[in-house]
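Trainee: I would like to check how the labels attached to a model follow from its values. Could we go through some of them one by one?

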Amino acid sequence: MAALSLELVMGLGAILVLAILLTLAGRGLLSVGSWQHRWELPDYLENPLRLALCAVAGLVLLHGLLTAYWLLGVPWRLATLLPPLGLFALLHPLDELFSTLGWPKPVDWSAWRRRSRDPRVLAALLPLAALTGGILAYGLTNPDFVYHWGIKGHRFFLASGLDLPFLDLAGNWPVHPEYPNLVPELFAATALLAGEFTDRTMPLWSVVFLALMALVIHGTLRGAGSDR
């Protein structure tokens with residue numbers, strides 16, 4: 001039981017850390033070449049659509065890094081993955097620091113406190129909380145993870161890169177070797193952080209993706225003039 005609990009804690013912690021790091025790195029990527037049109041930190045935090053866009057940019061950055069490492073023959077390791085992601089995560093704060101000769105402006109958390117008490121926000125969080133609890137307590141998963149994305153992610157983690165010999169096996173057509181590798185790469189990067197591939201917690205990325213979808217919908221509705 002203790003080993004299982006540690007496995008859950010490490011897997012959950014890896015997902016949280018990587019999700020935050022990718023979002024910050026994506027924000028840095030989007031700020032490259034845009035110093036004349038910066039996104040101020042409070043506006044970035046208050047705009048859910050921009051927050052989701054930063055997360056998606058971080059996923060694209062992760063895919064680009066891992067693909068480049070594989071093409072160059074560099075094994076996927078924490079020592080090769082974390083430094084570039086950390087550098088991109090620091091791009092925006094460093095830009096503000098050196099451009100204003102001062103620390104970035106403090107974040108105004110009042111809007112977040114108001115929204116945290118909004119019944120509509122709480123109602124939107126209930127399905128995410130229920131799905132999270134089902135995954136952690138009962139090991140909920142989905143067929144695509146069991147027979148497709150999860151297998152490829154585990155193989156990429158073990159191979160420290162794209163496992164083309166495995167994908168080229170004649171009997172492996174059900175795992176769709178022709179599909180894009182972003183999701184299994186994300187699983188492999190999560191396993192690198194956790195120290196092992198954890199089947200019980202890896203499906204929690206579904207919760208993260210659903211949260212991103214909710215942010216996009218909310219941000220789109222706000223942009224259209226809706227108060228929802």
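This is a predicted model: local features need pLDDT of at least 70, side-chain atom pairs count only at pLDDT 80 or more; totals for chains, interfaces and linings use all residues.

Trainee: What makes D163 buried or exposed?

Mentor: D163 has a relative accessibility of 9%. Buried means under 20%, so D163 counts as buried. D163 is found in the loop between helix 7 and helix 8.

Trainee: Which residues is D163 in contact with, leaving aside its neighbours within four places in sequence?

Mentor: They are R155 and F156.

Trainee: Why is the pair R155 and D163 called a salt bridge?

Mentor: The N to O distance between the two side chains is 3.0 Å. The cut-off is 4 Å between a side-chain nitrogen of Lys or Arg and a carboxyl oxygen of Asp or Glu, so R155 and D163 qualify. By this rule the count comes to one salt bridge.

Trainee: What is R155 called in terms of accessibility, and why?

Mentor: R155 has a relative accessible area of 33%, and is therefore partly exposed. That label covers the range between under 20% and over 50%.

Trainee: Where is H176, and what is its phi near?

Mentor: H176 lies in the loop between helix 8 and helix 9, and its phi is near 55°, again a positive value in a residue other than glycine. H176 has a relative accessible area of 26%, so the label is partly exposed.

Trainee: How do you know that helix 9 is mostly covered?

Mentor: Ten of the 13 residues of helix 9 are buried. Among them are P184, E185, L186 and F187. As for its span, helix 9 reaches 18 Å from its first C-alpha to its last, close to the 18 Å expected at 1.5 Å a residue. Just after helix 9, G195 takes a positive phi of about 90°.

Trainee: Why is F197 called buried?

Mentor: F197 has a relative accessible area of 10%, and the label needs a value under 20%, so F197 is buried. F197 is found in the loop between helix 9 and helix 10. Leaving aside neighbours within four places in sequence, its contacts include F145, G150, F187 and M202. F197 and G150 are 47 residues apart in sequence, with 9.3 Å from C-alpha to C-alpha.

Trainee: Which residues touch the most other members of the largest nonpolar core?

Mentor: Of its 36 residues, they are W76 and L85. Helices that each supply at least two residues of this core include helix 1, helix 3, helix 4 and helix 10. Not counting residues up to four places away in sequence, L85 touches L21, L22, A25, L61 and L65.

Trainee: What makes W70 partly exposed?

Mentor: W70, found in helix 3, has a relative accessible area of 30%.

Conventions. Residues are numbered from 1 along each chain as its sequence is written. Side-chain values use heavy atoms; hydrogens and water are left out. Helices (H or I, at least four residues) and strands (E, at least two) are DSSP runs, numbered from the N terminus. Buried means under 20% relative accessible area, exposed over 50%, partly exposed in between (1.4 Å probe, protein chains only). A nonpolar core is a set of buried Ala, Val, Leu, Ile, Met, Phe, Trp, Tyr and Cys residues joined through side-chain atoms within 4.5 Å. Contact means heavy atoms within 4.5 Å. The expected span of a helix is 1.5 Å times one less than its number of residues.
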